[in-house]
Amino acid sequence: MFDFLSEYDLLGAFWTTVRLSFFSAIGSLVWGTILAAMRVSPVPIMRAFGTVYVNVIRNTPLTVLILFTSLGLSYTLGVQLAAQDSPTSLADNSFRLAVLGFIVYTSTFVCEAMRSGINTVPVGQAEAARALGLTFIQVLGIIVLPQAFRSVIAPLASVLIALIKNTTVAAVIGVGEAALLMSEMVENESDSLLLVFLVFAIGFVILTLPVGLLLGWVAKKVEVKR
């Protein structure tokens, strides 16, 4: 019944999805944390930039951002993120542009999750740290962010799960991940459409369910008791 699967690189497609999710998650966590720091910064310009960035990007469709990274950055502006003399340069460039698009988009949700975690830290702790002579960066890095991270593991897990599912959008710029392979299989295996959809649904459940369970368990273990 599933013999047709041997004709396709199913594991390779899902491995690309995993790689997309991993690199995008790391970049989104870093950039999202920086954005959250900007949004609570005492510097008005930084607060304004963080607010505008989050509100604009979060309300822009992800497909538009991914297409912009390909058509706008690569084809129009000539931005290349892979060595052009490599035989896989086109695929590598598309992959990295997709990662960039996911980071730009997902970091806004990470930022809002982190900002909500920052707001759970008692104001008195930051005031006490400033009274001891610590700078804003020191207060944020030593006092606030460690507690904020522990408070927002569950929301960040939801963001990560959404990111894994959003990687299907990368198919629009030719990244060979699961959604692109599924579209190819739908065209070629018209007699087995139900099985094709079932295989990919199970594949994404296998990717997302353990993430949710693991990070949910971690969130309970490191929860800040107040």
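**Chatting through a predicted helical model**

Visitor: Starting with Y53: buried or exposed?

Guide: Y53 counts as buried, because its relative accessibility is 14% and the cut-off for buried is under 20%. Bear in mind that this is a predicted model.

Visitor: Okay, and which residue makes an aromatic pair with Y53?

Guide: F49 does, and the pair is tilted. The ring centres sit 6.0 Å apart, with 35° between the planes.

Visitor: Why "tilted" for F49 and Y53?

Guide: Planes under 30 degrees apart would be stacked and those over 60 would be edge-to-face, so whatever is left counts as tilted. The 35° for F49 and Y53 falls into that remaining group.

Visitor: Where are F49 and Y53 in the fold?

Guide: They are in helix α2, which covers residues 44-58. F49 and Y53 are four residues apart there, so about one helical turn separates them.

Visitor: What about F49, buried or partly exposed?

Guide: F49 is partly exposed, at 42% relative accessible area.

Visitor: Let me zoom out. How many helices and strands are there?

Guide: Nine helices and zero strands. Going along the sequence, the pattern reads α-α-α-α-α-α-α-α-α.

Visitor: What box do the C-alpha atoms fill?

Guide: Roughly 70 × 45 × 30 Å, taken along the principal axes. The protein has 226 residues, and buried ones make up 42% of them.

Visitor: Back to aromatics. How many aromatic pairs are there?

Guide: The count comes to seven. One of them is F14 with F204, whose ring centres are 5.6 Å apart and whose planes meet at 65°, so that pair is edge-to-face.

Visitor: Which helices do F14 and F204 come from?

Guide: F14 belongs to helix α1, residues 10-39, and F204 to helix α9, residues 193-221. The pair therefore ties together parts that are 190 residues apart in sequence. F14 and F204 are both buried, too.

Visitor: Which residues form the aromatic cluster with F14?

Guide: F200 and F204; with F14 they make up one cluster.

Visitor: And what lies over the face of F95?

Guide: R19 does, at 4.3 Å from the ring centre.

Visitor: Switching to charges: how many salt bridges are in the whole structure?

Guide: A search finds three. One is E112 with R39, where the closest N and O atoms are 2.7 Å apart. E112 is in helix α4 (residues 89-120) and R39 in helix α1, so this bridge ties together parts that are 73 residues apart in sequence.

Visitor: Are E112 and R39 buried or exposed?

Guide: Both are buried. For E112 the relative accessible area is 18%, which sits under the 20% cut-off.

Visitor: How does R58 meet E112?

Guide: Their side chains meet in a salt bridge, 3.9 Å from N to O. R58 lies in helix α2 and E112 in helix α4, so the pair links parts 54 residues apart in sequence. R58 itself is partly exposed, at 29% relative accessible area.

Visitor: What about R115 and E112?

Guide: Their side chains form a salt bridge as well, at 3.1 Å from N to O. R115 and E112 are three residues apart in helix α4, so about one helical turn separates them. R115 is partly exposed, with 26% relative accessible area.

Visitor: So which residues end up in one network?

Guide: R39, R58, E112 and R115, joined by salt bridges that share partners.

Visitor: Last topic, helix packing. At what angle do α3 and α4 pack?

Guide: About 135°, with the axes 9 Å apart; α3 covers residues 62-76. That makes α3 oblique to α4. The crossing is right-handed.

Visitor: And F68, where is that?

Guide: F68 is in helix α3. It counts as partly exposed, at 47% relative accessibility.

Conventions:
Residues numbered from 1 in each chain as written. Predicted model: local features only at pLDDT ≥ 70, side-chain atom pairs only at ≥ 80, totals over all residues. Heavy atoms only, no water. Phe/Tyr/Trp six-rings, centres within 6.5 Å; stacked < 30°, edge-to-face > 60°. Helix = DSSP H or I, 4+ residues; strand = E, 2+ residues; numbered from the N terminus. Buried < 20%, exposed > 50% of the residue type's maximum accessible area, 1.4 Å probe, protein only. Lys NZ or Arg CZ within 6 Å of the ring centre and 35° of its normal. Salt bridge = Lys/Arg side-chain N within 4 Å of Asp/Glu carboxyl O. Axes fitted to C-alpha atoms, helices over the stretch in contact; angles between N-to-C directions. Parallel < 35°, antiparallel > 145°, perpendicular 65-115°, else oblique. Left-handed = near helix turned anticlockwise from the far one by under 90°.
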